[in-house]
Amino acid sequence: MNIVVNGNNRTVESPPLTPLLHVLREELDVLGPKAGCENGGCGACTVLIDGAPRRSCLTAVGSVPDAEVTTVEGLGAPESMSDVQQAFVHYCAAQCGFCTPGMIIAATAYLEGGGSADRTEISEALAGHVCRCTGYLKILDAVAAARDGNFDLSTTAESPHTTVLT
Amino acid sequence: MKAVGARLPRYDGVGHATGRTVYVDDVRVNRMLHTKALRSPHHHAAIKRLDTSRAEQMPGVAAIVTHTDVPLLTYGHLSALGIPADEPLLASEDVRYKGQPIAVVAATDTDAAQAAVDAIDIEFEELPALFDMRKSFDDDAPQIHHWGTIYPHFEGEMNVRQIRKGNVEQAFEQADRIISGVYRPAAIEQMPLETQVGLAVPEPDGRMTIYSCTQALYFSMGVVAAHLQLPLNKLKFVGGTVGGGFGGKVDTATETLCALLAQKSGRPVKWRWTREEEFLCSSTRAPWHMEIIDGVTSDGWILGRKMLTLHDAGGYARFSPYGVTKHSFHHTGAYTIPNLHFDGYVCFTNRTPTSAMRGYGVTSVSFAVETHMSRIATELGVDPYELRLKNANRIGDTSPNGIRYMDPSTVDVLHAIADATDAELAAPYSDATREMREGEWLPEHLVGQLSHSEDH
């Protein structure tokens, strides 16, 4: 079967019940999605399938023939980062970085779906994603800033770390 | 000093945000093998038979390592601090916690490795298990550790970490009230998003390259070198990219066994734990049992403290004696109490061995002390800020282990908390400083402490 990964046509040899995460990482060497729990609990493996965020660890590759799969690598390279990626860098929203690929995919889908900068709504959109380092506040700052275009890597931003969840 | 006060990007931020950061599980080498472990299904059992001959014949299996393959089976990670070795890298005679590794298999894929693990012939004799550290002191407690149920090697030969300072009995006689409390924080899993993972690659020149998620690169390098009985220059460690640690990755969980499997098979060997393994048998923060008895005056001075601490080490000592020692140094929290009687024990149980996590040994006692301070305030009817500001560490006060504080921040932190919570402080508490005690801040029971503090 075939799938499209980050715009490239790829042929898949793995059996149809193989988790998409395993196909991406072990067969196709697409390493952005992470194996955090492989049980659908942590969100680190999240990818876009035809534009919708999905757990790749729980998605049998045979269930998504010819799908367009987008991983964090497909959103932007270091020299061409998307707004969400830039905001994550600018607001130090990635500490160890292991949850970040899933967070950025979910945030991208949320904003592309017309999501607001309201922190409660962002929290709900990211509720399926576990981060152990940041305490989430910087992530909320980053997503809200990406929504408003409120960042500039060349400047010194005011510290956003006083955000209080309401 | 250009960086001070400036807003700088994280050096690894772009890699994280674009999926380009290379974690251990992302390293790709040719002919890599994958690992699964035979782990104890019992909390406590004797191993009666272990035979890997059938498993070795299974398809895809490249190497199996058991205790007989380890050059130095039992190595004390903190032997430099006087904590003797007690934990074998792989179980040989007995297992003391559920999930304890007994054998590891390297095979062409994880399914083949698991099939070989399932084919290992092993027989256990299940033994009574101990889960409550308070029962470690019972005469009929199951004997789960060859040292007994209490760690016996503080200062070489003591089974207790003690602090004695001043005269607690006299302080209790002078006290208006005796206020006691028991505090029991539970075990916590550090739960990094990246599970324990390692990759060992044998190099053509006889060296071994080890990709590690450790929080303590050179420490782990020393551990691997010791178990393999290799000089350090035979090992090259690649690390620094850690998918979360929080103390749990101070342990050298995978690297040593990957290296042994790589030696035996001559091929690169990776071992990534499942989330289930991480929860089952990676070390946790310890459960603690803390009893505090304070002698206090009715206006809120703490004259003396007796404290008993039990620390649950699980099946082996690991770093626990070090944790309890740190704990003992902090058992008055951010406050000064001149008369102390502290006993701390490291108890062995059949729970998962415990280890570092964020403020190792100290978070437990901080929780207990602050809760106890609030309890004292409630029982005396004293304002909780005033109670804390009275007893707050100040310049010239001494810690439980006799260290003279040069610049303690307790008063300033309390003022900041009061500000943040809109708590109104009355004079003199609003004007308290960290400066040396005098006048109303120097009650009778602390006078001796100041004049004798140099003696400690």
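Chains A and B meet through 34 residues of chain A and 27 of chain B, where contact means that C-beta atoms, placed from the backbone, lie within 7 Å. Keep in mind that this is a predicted model, in which local features need pLDDT of at least 70, side-chain atom pairs count only at pLDDT 80 or more, and totals for chains, interfaces and linings use all residues. Residues are numbered from 1 along each chain as its sequence is written, while chains are lettered from A and ligands numbered from 1 in the order in which they are written.

**The chain B side of the interface**
- Helix H1 (residues 13-18) of chain B gives the largest share of the side touching chain A, with 5 residues; helices (H or I, at least four residues) and strands (E, at least two) are DSSP runs, numbered from the N terminus.
- That side splits into 10 nonpolar, 8 polar and 9 charged residues; Ala, Val, Leu, Ile, Met, Phe, Trp, Tyr, Cys and Pro count as nonpolar, Asp, Glu, Lys and Arg as charged, and the others, Gly among them, as polar.

**A sheet in chain B**
- Three strands line up as S4-S2-S6 in an open, antiparallel sheet; strands pair if DSSP finds at least two bridges between them.
- S4 (94-95) and S6 (121-126) of chain B are the edge strands, each with a single partner, so one side of each has no neighbour in the sheet.
- S2 (residues 45-51) of chain B is joined to S6(B) by 6 bridges, and B:Asp51 has B:Asp121 as its bridge partner.

**Helix H6 of chain B**
- In H6 (residues 255-265) of chain B, 9 of the 11 residues are buried, meaning 20 or more other C-beta atoms within 10 Å of their own, with C-beta atoms placed from the backbone.
- Among the buried ones are B:Leu257, B:Cys258 and B:Ser265.

Definitions and conventions:
A residue is buried if 20 or more other C-beta atoms lie within 10 Å of its own, exposed if 12 or fewer, and partly exposed in between; C-beta atoms are placed from the backbone. Two residues are in contact if their C-beta atoms, placed from the backbone, lie within 7 Å.
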